[in-house]
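Notebook open, model loaded. I'm jotting down what I look up as I go.

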Amino acid sequence: MTSLLLIGASGVGKTAIAAQLQERGWLSADIDQAVSHRLGRSEISAYVDISTAQRRQVEQQIFQELVSQVLAQQPEHCVIAASSGLFGSDPEDIALAIPLQQWRDYGGKVVCLTAELGAMVTRLGLANSQLGGLVLPRRELRVQLEKRSEIYQKLADLEFDTTHTTPAHAASELQQLG
């Protein structure tokens, strides 16, 4: 049994790697996609039009529900791609601490995905200056990294750098953690 919770900043590859693992038969969930579905909006609209506080509340609810589902179903292999801000403000928050402990008690691992800023900018489509101001400007991405890196590292059981690898290769490497 292998259960992975992928955490990290926007653009490190959480969604792409979870999709690769899903193609290999893993039960997979992406919190950003689940939030946009629950709110009836596109992922971009869920970030632009919904307040951060409301989005975080929905992210936390979805995380709690996903952990409960994994505990109930006990799949052979599962992966959850966390939203970049799920643990971004207060990782000690009881709404997150309890399901995170349940995840670990179940045997789940927390994997912090990292990447160099340049790779993240390219993956997020921010390398084109015409697009840079639409969703997450480079400067905001750098600030987000500075604020959240310590939290991600504190929560993680291990780190995996995706800078020079493809999602398929990263998925192969992470598959071996079981």
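**Helix pair first.** I started with α1 and α8, whose crossing is right-handed. This is a predicted model, so I keep that in mind throughout. The axes of α1 (residues 14-23) and α8 (residues 167-175) come within 8 Å, and they cross at roughly 65°. That makes α1 roughly perpendicular to α8, because angles of 65 to 115 degrees count as such.

Which residues make the contact? From α1 I listed Ala 16, Ile 17, Gln 20 and Leu 21. On the α8 side they meet Pro 167, Ala 168, Ala 170, Ala 171, Leu 174 and Gln 175.

**Where α8 sits on the sheet.** I then checked α8 against the strands: it lies across β1, β4 and β5. Relative to β5, α8 runs at about 155°, and that counts as roughly antiparallel because the angle is over 145 degrees.

Thr 166 has a relative accessible area of 44%, so I put it down as partly exposed. How far apart are Thr 166 and Gly 13 in sequence and in space? I get 153 residues along the chain and 8.9 Å from C-alpha to C-alpha.

**The sheet itself.** Next I traced the strand order: β2-β3-β1-β4-β5, five strands in an open sheet with parallel pairing. At the edges I find β2 (27-30) and β5; each has a single partner strand, so one side of each is left without a neighbour in the sheet. From one strand to the next the twist averages 20°.

I looked at two of the pairings in detail. β1 (residues 2-7) and β4 (residues 109-114) run parallel and share four bridges. Leu 4 has Lys 109 of β4 as its bridge partner, and Leu 6 stands opposite Val 111 in β4. On to the next pairing: β4 and β5 (residues 158-161) are also joined in the parallel sense, over four bridges. Here I noted Cys 112, whose bridge partner in β5 is Glu 159.

Val 121 belongs to α6 (residues 117-123). Is Val 121 buried or exposed? I have it as buried, because its relative accessible area is 8% and the cut-off for buried is under 20%. I also checked Val 121 against Gly 11: the two are 110 residues apart in sequence, yet their C-alpha atoms are 7.1 Å apart.

- Glu 59 and Arg 56 meet at 2.8 Å, N to O. Both lie in helix α4, three residues apart, about one turn of the helix. I checked accessibility too, and both Glu 59 and Arg 56 are buried.
- Asp 157 and Arg 104 meet at 3.4 Å, N to O. This pair links distant parts of the chain, 53 residues apart: Asp 157 is in the loop between α7 (138-155) and β5, while Arg 104 is in helix α5 (residues 94-105). Asp 157 is at 41% relative accessibility, so partly exposed. Arg 104, at 26%, is partly exposed as well.
- Asp 49 and Arg 41 meet at 3.6 Å, N to O. I have Asp 49 as partly exposed at 49%, a value that stays out of the exposed class because that class is over 50%. Arg 41 is partly exposed too, at 35%.

Last stop was Gln 74, where phi is near 45°, a positive value in a residue other than glycine. I flagged it because most residues other than glycine have a negative phi. Where is Gln 74? I find it in the loop between α4 (52-73) and β3 (77-81). With a relative accessible area of 55%, Gln 74 goes down as exposed.

Methods
Residues numbered from 1 in each chain as written. Predicted model: local features only at pLDDT ≥ 70, side-chain atom pairs only at ≥ 80, totals over all residues. Heavy atoms only, no water. Pairing = 2+ DSSP bridges. Helix = DSSP H or I, 4+ residues; strand = E, 2+ residues; numbered from the N terminus. Buried < 20%, exposed > 50% of the residue type's maximum accessible area, 1.4 Å probe, protein only. Salt bridge = Lys/Arg side-chain N within 4 Å of Asp/Glu carboxyl O. Axes fitted to C-alpha atoms, helices over the stretch in contact; angles between N-to-C directions. Parallel < 35°, antiparallel > 145°, perpendicular 65-115°, else oblique. Left-handed = near helix turned anticlockwise from the far one by under 90°. Contact = heavy atoms within 4.5 Å.
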